[in-house]
Structure formats: structure tokens, C-alpha cells
Amino acid sequence: MISASHAPPARNVAANRPAANRPGHTRRVSAYASRERAKAEAFQHRYRGFASYSDYATAIRDPRVDAVVIAVPPRFHLDLTLQALEAGKHVILEKPLVASLAEVDALEATVARTGRILMPIFQARFGNGLA
């Protein structure tokens, strides 16, 4: 659920962070989902992931996945984020988070109930920064 432009930086961040102080625990960007199977498989091969998925729901249900980055068109944000939180995943969500305050309330309630982390991300890749 991560775009082509986000994959290399995400891979670099994961590779340069020390693993948690737990035996057998590693941090890595390792699975890629796309509505186009060939695209997901290409990402998996290019960035040495362990899995690729042709649909987001399967990726979210995979017990090997601890967290997801949702960087898809905004109309999919609410549904995918709720699915991920309900499946026990932490979520990094591209802006805009959702389309209404009612949807924000739904996310907030789900985060409170599941105990998962929901973190918005703001990409200013092409801007002049915050003015």
C-alpha cells in the first residue's frame, strides 16, 4: 500500500534503524501490495521483500505484517485504515487522513479500542516547505 516514490526511502529508514531489544526482532520493509500483481511482485523483487499481494485485504490479514503504510488515493483511506487497525496493525496514513470529522471520530474510536498506533504522515516532497 505504498507508492513507487515512497518505497526507496521507506526501505532506507528500515535498514538504518537498530532492531528492537528483543531476540529475533528485525525492522524491515518487507511486503508490498498493489491492485496490479505484477507491480507488487516487481516491488518485492526490487526491494527484497518476503511477500507481495494483489489486494490490500490479504496484506492486512497477513500475521507477518506488523504495520502498514497507507499511501493510496484518499477515497480508500477510511476503509483500509479501519481494516488494518481491526487486524491489529499499526498504521502510517498519508494525508488527508479522511474526508470528515465523523470519519476522524471513527478512527479515534477504533484506535482507542484496538490499542494500535495511527500516525499521519505529511509529505512535502515537491513544496517549498510550510509557509
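Start by selecting Pro96, which sits in the loop between E4 and H5.

A quick word on what you're looking at. This is a predicted model, in which local features need pLDDT of at least 70 and side-chain atom pairs count only at pLDDT 80 or more, while totals for chains, interfaces and linings use all residues. Residues are numbered from 1 along each chain as its sequence is written, and side-chain values use heavy atoms, with hydrogens and water left out.

Next, select His77, in helix H4. Is His77 buried or exposed? It's buried, with a relative accessible area of 0%. (Buried means under 20% relative accessible area, exposed over 50%, partly exposed in between, using a 1.4 Å probe and protein chains only.) Leaving aside neighbours within four places in sequence, His77 is in contact with residues including Lys95 and Pro96 from our first stop, plus Ile70 and Val72. Contact here means heavy atoms within 4.5 Å.

Now show the whole of H4, residues 77–86: besides His77, the buried residues are Leu80, Thr81, Ala84 and Leu85. They cover an arc of only 130° around the axis, which puts them on the same side of H4; the arc is that of the directions from the helix axis to the C-beta atoms. Among the elements covering them are helix H3 (56–61) and strand E3 (67–70). Just after H4, look at Gly88, with a positive phi of about 85°.

Move on to E4 and E5, which pair in the parallel sense over four bridges. (Two strands pair if DSSP finds at least two bridges between them.) Select Ile92 and you'll find it opposite Met119 in E5.

For contrast, hop to Arg48, in the loop between helix H2 (37–46) and E2. Arg48 is exposed, with a relative accessible area of 59%. It has a positive phi of about 55° although it is not a glycine.

Last stop: colour by pLDDT, the predictor's confidence in each residue, from 0 to 100. The mean for the protein is 82, and 71% of its residues reach 70 or more. Over residues 13–21, though, the pLDDT is below 50. Where pLDDT is low, the predicted coordinates should not be read in detail.

Methods. Helices (H or I, at least four residues) and strands (E, at least two) are DSSP runs, numbered from the N terminus.
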